[in-house]
Amino acid sequence: DVDSQRDSVLVAASGDETTPVPGPDGRFVLFIREGRLECLDMGSGRIVAMTDNGRMCSDPDLSPDGARVLFTSGPADRRELCLADFSAAGERVKLENLRVLTAAGPGFQGRFDASGRRIVYVKEDGGQTDVWLFDMETGEARAVTVDRRNERSPCFSADGLSVFFSADWAGRWSIWQAPAGGGIPLPVTRDKTPYAYDGAMQPSPGGQWLAFVRSWYDDADIWLMKMAGGEKTTRTLTKDNTRQEGSPRWMPDGRRVVYQAGKNTDCWRIDISNRID
């Protein structure tokens with residue numbers, strides 16, 4: 001029901017604004033603009049640049065307490081997963097203590113778990129990409145997937161017991177789920193014509209719903225799926241053939257989703273209260 005959509009633009013300025021990530025209290029949203037990490041104050045509308053173009057950032061994520069930011073840095077052939085302390089108090093917005101987590105090899109698309117102790121990310125080796133898990137307390141890194149295919153866009157389930165990721169195992173990109181402690185992956189969605197890609201997913205704060213991107217021919221929209229009902233419960237959250245939507249993230253209240261949209265990409269927010277009741 002497209003007429004029932006209640007969406008609004010968050011950031012629409014010069015350049016492309018992508019991959020919005022809301023803070024844990026909903027007061028601010030991090031996003032990427034032209035390779036810079038920036039912060040939007042939801043109350044004042046003020047935007048502060050956190051990095052400069054010299055670092056070329058992408059794929060940001062925030063720890064559950066909002067105290068650390070995780071992002072990918074560098075060109076495609078030298079991507080590193082970086083971690084920094086983050087503060088956004090009044091007029092003071094800054095990053096401190098920047099360090100590299102994946103200096104041993106290309107790592108990208110990192111996400112925290114609900115405890116903020118573990119990170120799931122994509123590691124590239126010999127042209128293949130697998131999902132890896134990194135424990136920041138022990139420094140241990142181990143593979144979640146080990147095969148000769150490609151995986152991308154991982155994230156933890158709401159309870160942290162499993163990991164969602166996109167994989168081309170079925171010949172097209174579908175969403176899969178594997179135990180975080182190791183085990184056999186199982187499909188969450190089964191890609192089929194005319195779909196070309198399912199991915200970029202995130203579970204709702206309570207874990208009842210999964211927001212994800214589903215492509216349709218040359219278009220891409222945000223979809224919702226009820227976890228208890230499986231793929232038969234999928235429904236379109238956004239439907240606008242003039243936009244390419246992506247990177248959905250739940251606001252802390254579990255009633256709104258932020259995402260990127262547009263050929264000249266901007267950050268948007270949509271109220272989905274009437275879609276999940």
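The chat below turns to a set of strands and then to an arginine.

A: Before that, this is a predicted model, in which local features need pLDDT of at least 70 and side-chain atom pairs count only at pLDDT 80 or more, while totals for chains, interfaces and linings use all residues. Residues are numbered from 1 along each chain as its sequence is written, and side-chain values use heavy atoms, with hydrogens and water left out.

Q: ok, is strand β12 mostly covered or mostly open?
A: Strand β12, residues 128-135, is mostly covered, with seven of its eight residues buried; strands are DSSP runs of E of at least two residues, numbered from the N terminus, and buried means under 20% relative accessible area with a 1.4 Å probe and protein chains only.

Q: and how many bridges link β11 and β12?
A: Eight bridges, in the antiparallel sense, pair β12 with β11, residues 118-125, where pairing requires at least two DSSP bridges between the strands.

Q: switching topic, where is R249?
A: R249 sits in strand β22, residues 246-250, and because its relative accessibility is 7%, R249 counts as buried.

Q: which backbone oxygen lies 3.3 Å from a polar atom of its side chain, that of R249?
A: That oxygen belongs to P60.

Key
Buried means under 20% relative accessible area, exposed over 50%, partly exposed in between (1.4 Å probe, protein chains only). Helices (H or I, at least four residues) and strands (E, at least two) are DSSP runs, numbered from the N terminus. A polar contact is a pair of N or O atoms within 3.5 Å; within protein, one must be able to donate a hydrogen and the other to accept it, and residues adjacent in sequence count only if both atoms are side-chain atoms.
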